[in-house]
Amino acid sequence: MRKKILILVVPITLSMFACLSAPNEPAAPTSAALNCGAGEQPFNGACRETCTSNADCSGNLVCMDVGSGVDLCLDYQHCAHLDNDSVCDAVYGGSTSYPYEEPPPPYPYYPFAGCVGDAHWLTAAATGSPSCGQQHTVNRCRHTPSGCALVQETTLDIADP
Amino acid sequence: VIRVAPLPSRLAWRWALRVAALCTVLPLFCARHLPMADLPEHLAVIATLRHYGDPAWRSQEYFSLGGLLDTQYWLYHVVGTGLAYLLGSAERGNVLLLALVGLAYPYSLRALLRAMHMDERLALFGAPVFWSRALTVGLLNFVASEPVLLFALALVVRQAEAARGAEPRARTAARGAGLALLALALFYLHVSSYLLFAGQAALATWMLGAGSGARELLRGLARLPARLAWLAPSAIAALVVVVHGRLAADSTHGVTFTPCAVLLGLLPHWAFDAFRTRVDNVLGWAAVAVGVVLIVLGAPAHDSRERRRRRLAVLLFAAALLSYFSLPATVGGYAGLLDVRMALFVAAFLPLLLRPRAGLAGSVPLAAAAAIAVGIGLDAAWQVHAFEEAEVGHFDDLLRRMPRGGRLLTLTFDPKSAYVESRPFTYFGAYYRARYGGMSSFSFSELHHWPTRYRPEWSPPQALTWGNPCLFRNARDGEFFDFVLTRGDVDPFAANPPGPRWTLIGASRAWRLYARDRSAPETPLVDGESDPGPCAPPAAVASQ
């Protein structure tokens with residue numbers, strides 16, 4: 001009897017947890033969700049005003065760089081960029097780790113799966129007008145002719161939802 | 001001989017197993033996006049099957065379905081689709097299915113241990129096997145086949161032992177029918193698991209079904225085909241799929257093997273090194289050390305039947321090890337990682353070699369195994385949560401309010417993660433197909449064995465890119481797709497390549513989402529020049 005109860009209770013409990021942790025299917029868009037008015041652009045699921053400075057934005061919105069040279073009025077609080085890699089590991093994925101290798105090698109594949117660093121995203125309060133779009137010099141773990149190595153590159157921070 | 005511990009002790013070990021099993025599946029509920037490379041593709045298949053008749057999803061327009069005789073690769077997705085109907089989405093259905101599979105890892109091992117009259121506390125070693133590299137690479141059909149194989153093997157052992165006793169014929173027949181179904185399920189989960197099972201089932205039936213002595217063993221060999229008759233339905237299905245199905249469709253690349261020395265080095269990586277943290281490595285090696293202690297301090301066999309079962313246990317482990325070292329690395333142009341994934345079975349069968357003694361000499365190492373199992377589950381939970389928080393972030397915002405049924409191309413310039421060893425972002429674009437229908441490329445739907453395949457008229461312009469973003473050419477590929485999703489510090493449209501123009505419509509951390517701007521004129525191709533693609537060095541772009 002106890003076993004039968006367990007067989008019922010375990011899947012029901014797991015189903016409840018699955019419903020709590022995994023998303024339901026999104027509702028179908030009611031209209032053309034990506035069609036926005038003049039001076040607006042769809043961005044992250046809503047129409048946003050384009051801008052060149054904070055003065056172009058209404059209310060509490062701030063003019064922010066979202067990448068690709070686009071500035072939009074947003075209610076985000078932070079800018080973010082991927083910080084330095086401090087380590088640079090050669091990762092071994094398997095005898096046929098393609099498509100997980102870098103760069104994709106000719107067939108048949110070799111176990112080297114790529115160079116992997118440990119950089120984490122760094123956020124900073126959004127300041128300036130427009131805010132974000134600042135250039136940062138960072139160390140990146142890259143595959144070089146001499147193996148995996150830290151290479152200096154530049155990156156831009158962008159608006160962080 | 002089953003040595004039965006006193007009741008309080010038995011209860012304690014049962015609870016230890018329950019806690020270990022729950023800790024194993026806990027990480028599955030710690031994030032909306034799990035760090036498993038192929039997972040989004042599996043979700044996409046489940047969603048496509050669920051909405052196949054829904055015109056808004058355009059699933060039927062883009063894809064054809066493989067049937068029972070076309071592909072061996074559909075049971076996981078069909079069960080996932082059933083659960084998706086119940087719970088409302090492919091993602092929910094898949095999490096439930098994976099959780100049931102994860103829970104079954106230690107309990108299927110316990111079933112086998114019981115069938116072999118071995119110490120069932122060793123089932124504690126079954127829990128951590130779930131968090132192997134095969135799971136974080138997202139080989140979900142294969143991962144799901146492990147508990148099915150162990151349950152089936154437990155039945156085989158019971159069937160073989162029953163053949164020597166006086167069991168009612170009806171019960172033997174019922175067990176045979178169950179075995180036939182489990183063998184079919186294994187075949188439709190993963191061929192490699194099925195092949196291993198067929199070999200192990202033959203070994204178990206032969207060794208346990210025959211008497212002792214060379215002559216008896218030879219006689220047992222002659223009786224083997226009749227005793228394995230329940231394998232016939234799955235063997236016929238395998239034959240049909242191999243000869244007439246999609247497996248036969250790709251014969252261009254042949255078969256490749258990995259050198260044994262390389263495989264030996266990869267064994268611990270694929271057995272327990274799923275995350276970039278050192279914690280799983282330390283705990284994995286600690287589990288190996290506990291196993292060694294239990295072998296060294298092993299209890300002696302009491303009688304000839306026990307000695308025979310021990311020999312079988314060694315042979316079952318040897319078969320798993322042999323499959324790891326002898327299976328090909330690749331078959332055809334699309335089936336890969338066939339050898340290294342078998343590390344999961346090497347780890348799964350290792351506990352069969354252990355013989356815990358009664359008393360503290362057995363209990364202390366097993367308590368350590370329980371602690372290790374819990375530790376691996378908790379570490380995985382932390383890594384999964386950190387992956388979601390730091391690297392996935394607000395990815396869902398990008399896809400929010402996207403139209404249904406569109407065509408998305410994903411260019412993952414940076415597929416790597418600071419948290420998992422696999423490349424969890426390679427197929428992340430398939431979340432679009434899982435939630436909104438349409439198609440997302442690159443997709444396994446280009447592969448022969450995949451249950452959903454592109455209809456010829458909807459195949460992407462460039463075949464089999466495996467998600468290599470450097471192969472993108474705007475003039476050729478851009479026309480086909482409605483959206484482009486990128487990950488990494490590369491803007492494929494920065495140099496204004498020939499072809500359609502694109503507008504940024506979403507961004508979150510490393511992700512960018514572009515929509516094709518149908519109102520803007522295309523960038524023309526200048527005579528005599530070609531598009532070097534998004535990965536060309538700056539000099540090539542400058543000279544364009």
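Modeller: Let's start inside: the largest cavity has a volume of about 120 Å³. This is a predicted model, where local features need pLDDT of at least 70, side-chain atom pairs count only at pLDDT 80 or more, and totals for chains, interfaces and linings use all residues. Residues are numbered from 1 along each chain as its sequence is written, chains are lettered from A and ligands numbered from 1 in the order in which they are written, and side-chain values use heavy atoms, with hydrogens and water left out.

Colleague: How should I read "cavity", and how many does the structure hold?

Modeller: On a 1 Å grid over the protein atoms alone, a cavity is a set of points where a 1.4 Å probe fits but cannot get out. Grid points are joined across faces, edges and corners, and the volume is the space filled by probe spheres set on the points. Here there are 6 cavities of 30 Å³ or more.

Colleague: Which residues lie nearest the centre of the largest cavity?

Modeller: Lining residues have an atom within 4 Å of a point. The largest cavity has 16 of them, and B:Leu409, B:Ser441, B:Gln462, B:Thr465 and B:Asp477 lie nearest its centre. The largest share of the lining, 3 residues, comes from β4(B). Both β4 (407-412) and α19 (474-478) of chain B supply at least two residues each. Helices (H or I, at least four residues) and strands (E, at least two) are DSSP runs, numbered from the N terminus.

Colleague: Why is strand β8 of chain B said to be largely enclosed?

Modeller: Buried means under 20% relative accessible area, with a 1.4 Å probe and protein chains only. In β8 (residues 501-508) of chain B, 6 of the 8 residues are buried, so the strand is largely enclosed by the rest of the structure.

Colleague: What is the sense of its pairing with β9 of chain B?

Modeller: Two strands pair if DSSP finds at least two bridges between them. β8(B) and β9 (residues 511-517) of chain B pair in the antiparallel sense over 7 bridges, with B:Gly506 opposite B:Leu513. Their hairpin has 2 residues between the strands, and B:Arg509 takes a positive phi near 50°.

Colleague: What about chain A: how many helices and strands does it have?

Modeller: Chain A has 1 helix and 11 strands. Of its 161 residues, 39% count as buried. Strands β1 (residues 40-43) and β2 (residues 46-49) of chain A run antiparallel, joined by 4 bridges; A:Gln41 has A:Arg48 as its bridge partner. In that hairpin, with 2 residues between the strands, A:Asn44 takes a positive phi near 45°.

Notes
Buried means under 20% relative accessible area, exposed over 50%, partly exposed in between (1.4 Å probe, protein chains only). On a 1 Å grid over the protein atoms alone, a cavity is a set of points where a 1.4 Å probe fits but cannot get out, and a pocket is an open set with protein on both sides within 12 Å along at least five of seven lines; lining residues have an atom within 4 Å of a point.
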